[in-house]
Amino acid sequence: MSEPGVGIELSHVTKLYAGQQQAAVEDFSLSVDPGELVMFVGPSGCGKTTTMKMINRIIEPSSGSITIDGQDVLSLDPNELRRHIGYVIQQIGLFPHMTIAENIATVPKLLGWSRERTNNRVDELLRTVQLDPAVFAHRYPKQLSGGQQQRVGVARALAADPPVMLMDEPFGATDPITRQKLQAEFLKLQADIGKTIIFVTHDFDEAVRLGDRIAVLGERSRIEQFDTPANILANPANDYVSSFIGHGAGLMRLALIPISDVELDAPDATAPAVDADSSLRDALDLLMVTGAERVNVSGGEGSLTHARISAALNKARHPVEAS
Amino acid sequence: MTALTEQRARLGLKRFGTPFAVVVVLAVLFLWLGSLTLDSIEERTLNTSYLVERTQEHLILTVASSALVALLAIPAGIAAYRVRSKAVRAFVIGLGNIGQATPAVGVVILLAIVWQTGFFTALISLVAYCFLPVLRNTLTGLEQVDQATREAARGMGMTPRQVLWRIELPLASPVILAGLRTALVFSVGVATIATFINAGGLGDMIVNGLKLQRYPVIVVGAVLVAAIAVLIDWAAGLVEDLVRPRGL
């Protein structure tokens with residue numbers, strides 16, 4: 001049903017604004033695999049958003065080349081190009097004078113889809129983002145909560161089933177609880193649709209939670225490290241990356257390791273139980289909260305101690321050498 | 001439920017309160033007029049056919065000038081907005097400012113001297129006078145469209161023209177219409193000076209009444225102008241409510 005993602009290749013991309021000495025983005029090269037969710041993470045003003053916006057040419061690069069699925073985007077008509085790239089921004093930018101259905105139908109309408117095909121697609125997408133079409137299709141954006149609006153923003157970007165999505169801090173303006181919920185839903189959605197996604201954020205936790213790979217960006221969008229979340233946490237490339245990770249890297253890494261990856265001790269009937277598909281972080285949390293010596297993994301295959309968790313973390317520290 | 005009925009009651013008051021008040025004022029005016037003994041000068045003015053003709057002239061002048069202003073100032077505002085040049089913007093606004101700052105009487109009389117007297121001269125000075133509010137509202141209306149909304153539209157592949165027609169103009173329409181409404185009400189008042197260049201209108205009554213010291217004539221002329229202004233403002237308000245995009 002859904003069109004799978006395609007690769008994106010940025011090569012020596014530079015953006016120099018007229019009248020400025022320093023480039024906003026300098027010699028940026030990066031290759032994104034089809035279906036991959038790549039996070040651009042960096043401090044405000046580092047050029048991560050500028051870099052992303054050059055992919056759909058909201059900002060025109062000064063030099064360098066960008067290809068999507070091998071096709072040079074700079075040779076395409078920018079409007080036509082943008083109709084095939086999903087675009088979600090932090091402020092959402094829903095059209096306040098259009099209903100939710102009309103908002104989602106924007107790109108299909110631009111592409112000249114039939115009314116029936118468009119309507120079916122709108123219903124399908126509303127259900128995908130867990131909004132009941134019967135309730136929401138004919139409402140106006142201001143009648144929706146922030147979280148609901150953001151879901152509509154994602155649905156609207158997905159409307160014409162683009163292989164590539166650009167997301168600029170899409171969950172940045174929502175409260176922490178809504179954000180976590182949206183992130184979880186988004187991960188589930190991405191598991192289904194497998195788009196190639198560039199996701200810009202300044203929140204490293206979010207990058208770790210969502211990304212297949214993370215590009216940690218420094219000034220002028222320089223790539224300080226580009227790797228999987230686990231590798232970046234275990235082996236930060238330099239001080240800049242370490243400082244960006246901040247404190248608690250160990251805990252963040254624990255959150256990335258599922259219990260099923262760890263060797264277990266014999267079960268102990270008196271110990272508190274933790275869900276088998278949760279992470280080591282959840283297991284540690286339970287250990288701390290209960291003060292118990294070990295926690296049982298529900299399903300009864302075994303139990304976990306502090307020592308086991310700590311060993312798993314150290315084993316993961318050098319994953320390259322280990323494999 | 002009570003909130004809804006309350007809202008409806010308020011809407012009803014808004015819809016029908018104004019015309020009702022105008023009707024009452026006019027009724028009182030004509031009752032008072034009926035109680036007076038008019039002399040021959042007053043009778044020449046205070047009769048149905050004279051009143052209807054002056055009112056017609058006044059309305060035609062007002063509506064025609066506002067329509068022209070809409071036709072000229074809205075596209076000019078759009079053009080000034082799309083050029084996105086500070087110089088052009090300053091020039092257009094400046095031009096509108098001059099039009100509005102110059103006393104309308106001055107413009108009318110100067111134009112009459114260098115060109116001709118009559119309807120068209122009055123029309124042109126009215127257009128010059130009402131150009132600015134519509135132009136400025138068009139410009140501000142378009143400029144106040146949320147940057148994120150505009151960027152989302154562009155990011156989805158709308159051409160600049162599609163962004164203008166589908167997003168910017170609908171969202172700016174309440175502000176543009178408010179400008180038109182101001183222009184309409186302005187022109188009702190300013191149209192009274194058309195009398196100085198023989199272009200008719202209710203100004204005839206006010207000026208004649210003053211010159212001949214016939215107070216009933218002045219009062220009727222003045223009250224009619226005020227009534228028209230209030231009614232036109234009311235009608236424009238209704239139109240605004242009707243065409244305002246839903247969801248705003």
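Domain bounds are taken from an automatic or database domain assignment. The model is predicted, so local features need pLDDT of at least 70 and side-chain atom pairs count only at pLDDT 80 or more, while totals for chains, interfaces and linings use all residues. Residues are numbered from 1 along each chain as its sequence is written, chains are lettered from A and ligands numbered from 1 in the order in which they are written, and side-chain values use heavy atoms, without hydrogens and water.

**Exercise 1.** State which domains chain A has and how far apart their C-alpha centres lie.

*Solution.* The assignment gives domain 1 (8-251) and domain 2 (257-322). Their C-alpha centres are 34 Å apart.

**Exercise 2.** Describe the surroundings of A:Gly172.

*Solution.* A:Gly172 sits in the loop between strand 7 (164-168) and helix 8 (176-193) of chain A; helices (H or I, at least four residues) and strands (E, at least two) are DSSP runs, numbered from the N terminus. Because its relative accessibility is 36%, A:Gly172 counts as partly exposed, that is, between buried (under 20%) and exposed (over 50%), with a 1.4 Å probe and protein chains only. Beyond neighbours within four places in sequence, A:Gly172 is in contact with A:Gln90 and A:Arg179, contact meaning heavy atoms within 4.5 Å.

**Exercise 3.** Determine which residues of helix 3 and helix 10 of chain B meet.

*Solution.* From helix 3 of chain B come B:Leu51, B:Thr55, B:His58, B:Leu59 and B:Thr62; from helix 10 of chain B come B:Val220, B:Leu224, B:Val225, B:Ile228 and B:Ile232. The residues of this contact divide into seven nonpolar, three polar and no charged. Here Ala, Val, Leu, Ile, Met, Phe, Trp, Tyr, Cys and Pro count as nonpolar, Asp, Glu, Lys and Arg as charged, and the others, Gly among them, as polar.
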